[in-house]
Structure formats: structure tokens, C-alpha cells
Amino acid sequence: MQPLIHFSNADILNGENVVIYSLDMDIMPGDFVYIVGKVGSGKTSIIRTITAENRLLKGEGMACGFTLRGIKARDIPYLRRCMGVVFQDFQLLTDRTVQDNLEFVLRATGWKDRADIDKRIKEVLKAVGMTTKAHKMPHQLSGGEQQRIAIARALLNKPAVILADEPTGNLDGETADEILQLLVELNAAGTAVVMVTHNRAIFEKYPGRVFSCEGERCQEVVDEGIDVEL
């Protein structure tokens, strides 16, 4: 089995500055992985490197079969179609309904047939428990509902991995728990999940592999007794 995401001796940049040195990381199909650490420790920069938003200049990096170091601009959209990204602030188009938000993504990624588009939208809304919300505008939804729609959007192209960057950061505790349960269910169905968080309660309640970012390093926590500094 080949890793979905692989880094070896990779320096992770934020702009022109190295924020994590010599990253070694392998994420396998079906993994549930947390990247944890204090604000500014480089967690989000790892996600941005995986999606080729940040350049990789030193070391090895692979994501969904694409070589990250020196990836050509024309290949980046194809890389991103292999993954779904969920953000803290939802990033829904506020002037369009849920249906139109999802259709926009499908058409932008090459879907053309109306019946296929409608079928896929119904499938992802059902997967996140939002089948009755297709006609709603984002402002008519609660924060938790908007995040569920954002997860539905991430699922549209049947990604091998979901990258969730602080997906519960703007939600209350009960709603955050519902979103985590949804991600766990999607993971159990076969989709790998990589989640950035600084909320210790989340990764203690929903166990997974944990990579801790601290002191310009990011390493897997392999001993349960090790305390992760947040």
C-alpha cells in the first residue's frame, strides 16, 4: 500500500520562511491523522504544502500520486481534485444557494451532465445529513449546517483524503462534536482524514494518529504518555 501523502526531510515554508524543518510524514489510505500545536507552529503550512499552495523547495513530498517539489501549475488543479479541503470559515459563496454552491464546484472540475450533477449533489447532501437544505442560502444556515455543507463540497469529487483545517474553530462545543462524528463516519467509510487542530479535547475523544508541531519540528506522537504542548 502506497502513502496518500508522503514527506521525507521536507522543509515547510510560510511565505519565504521555513516554519518546520525536516518533516517526515506518511499518511496511508484510511488514516485519521491530527496535526496539532500552538497557533503559528506551522500546522496550516503543512496543509498548504499538500495542496501545492505553498512551494516545497527542500526534501521529498508526494500527495495523491503527484510530486510536490517542482509541480507544474497545470497539474495543481488535478492534484486538488484528489482531495477535499474544509476550512474554519466555511468559504461558501454567500450569493448562491447550497445547490448552486455545489454545482459551481462540479462544473469547475469538469462535470457537464445535468442529471449526473444533480445526482452527485443529492448523494453528498445525504452523506452529511443536509438533504433538505439544497434551496437554502448560506446565511439561512447555522454555523454547524454551513460546515456540513462545506464537508459535502469537499466530498463532491470522491476524494481519497479530506484536509480539514480547524473545521470546528468557529463552532460551539456541541456542534463541533457533531462535525467530528461526521468526519469519523466518513473515515470509517474509507476516506482518509487529516485534521489541523489545537483543541486537545478533540483528539483525546476521537483517537487517531497525532503529529505535534513544536519548535520548528513536526513529529508523530508514538507514546500515549507524551504530553502534547498546545
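Analyst: A definition to start with. The radius of gyration is taken over C-alpha atoms, and the rule for a globule is 2.2 Å times the number of residues to the power 0.38. The model discussed here is predicted.

User: Why does the radius of gyration of the protein chain agree with a compact globule?

Analyst: Set the value against the rule. For 230 residues, the rule puts a compact globule near 17 Å. The protein chain has 17 Å, so the two agree. Along the principal axes, the C-alpha atoms fill a box of roughly 45 × 40 × 35 Å.

User: How much of the protein chain counts as buried?

Analyst: The share is 49% of the 230 residues. To be counted, a residue must be under 20% relative accessible area. The accessible surface of the chain comes to about 11,400 Å². Carbon and sulfur atoms hold 48% of that surface.

User: What makes strand S7 largely enclosed?

Analyst: Count its residues. S7 covers residues 161-165, and five of the five are buried, so the rest of the structure largely encloses it. Both faces are covered. Val-161, Leu-163 and Asp-165 are buried on one side, Ile-162 and Ala-164 on the other.

User: Which strands pair with S7, and in what sense?

Analyst: Strand S6 (residues 83-86) pairs with S7 in the parallel sense, over four bridges. Strand S8 (residues 192-197) also pairs with S7 in the parallel sense, over five bridges. Two bridges are enough for a pair, so both pairings qualify. For specific partners, Gly-84 bridges to Ile-162 in S7, and Ala-164 stands opposite Met-195 in S8.

User: Why are S2 and S5 called edge strands?

Analyst: Start with the order. Four strands, S2-S1-S4-S5, form an open sheet with antiparallel pairing. Strand S2 (17-27) and strand S5 (66-67) each pair on one side only, and that is what the name edge strand records. Further in, S1 and strand S4 (residues 60-63) run antiparallel and are joined by four bridges. There, His-6 stands opposite Met-62 in S4.

User: What makes Asn-9 and Glu-216 stand out in the backbone?

Analyst: Asn-9 is not a glycine, yet its phi is positive, about 50°. Glu-216 is not a glycine either, and its phi is about 65°. Asn-9 lies in strand S1 (residues 5-14). Glu-216 lies in the loop between strand S9 (209-214) and strand S10 (217-220).

User: Are these two residues buried, exposed or in between, and how do you know?

Analyst: The in-between class runs from 20% to 50%. Asn-9 has 37% relative accessibility, so it counts as partly exposed. Glu-216 has 44%, so it too counts as partly exposed.

User: Which residues of helix H3 are buried, and what covers them?

Analyst: H3 spans residues 98-108. Its buried residues are Val-98, Asn-101, Leu-102, Glu-103, Val-105 and Leu-106. The cover includes helix H4 (114-127) and helix H5 (143-155). In an α-helix there are 3.6 residues a turn, so residues three or four places apart point the same way. After H3 comes Gly-110, with a positive phi near 100°.

User: How do you know how Asn-101 is classed?

Analyst: Its relative accessibility is 4%, and the cut-off for buried is under 20%, so Asn-101 counts as buried. Its contacts, beyond neighbours within four places in sequence, are Leu-92, Leu-93, Arg-96 and Pro-138.

User: Where is Leu-93, and what makes it partly exposed?

Analyst: Leu-93 sits in the loop between S6 and H3. Its relative accessible area is 30%, which lies between the cut-offs of 20% and 50%, so it is partly exposed. Beyond neighbours within four places, Leu-93 is in contact with Asn-101, Phe-104 and Pro-138. Leu-93 and Met-83 are ten residues apart in sequence, and their C-alpha atoms are 20 Å apart in space.

Notes: Residues are numbered from 1 along each chain as its sequence is written. This is a predicted model: local features need pLDDT of at least 70, side-chain atom pairs count only at pLDDT 80 or more; totals for chains, interfaces and linings use all residues. Side-chain values use heavy atoms; hydrogens and water are left out. Buried means under 20% relative accessible area, exposed over 50%, partly exposed in between (1.4 Å probe, protein chains only). Accessible areas come from the Shrake-Rupley method with a 1.4 Å probe; for residues, only the protein chains shown count as cover. Contact means heavy atoms within 4.5 Å.
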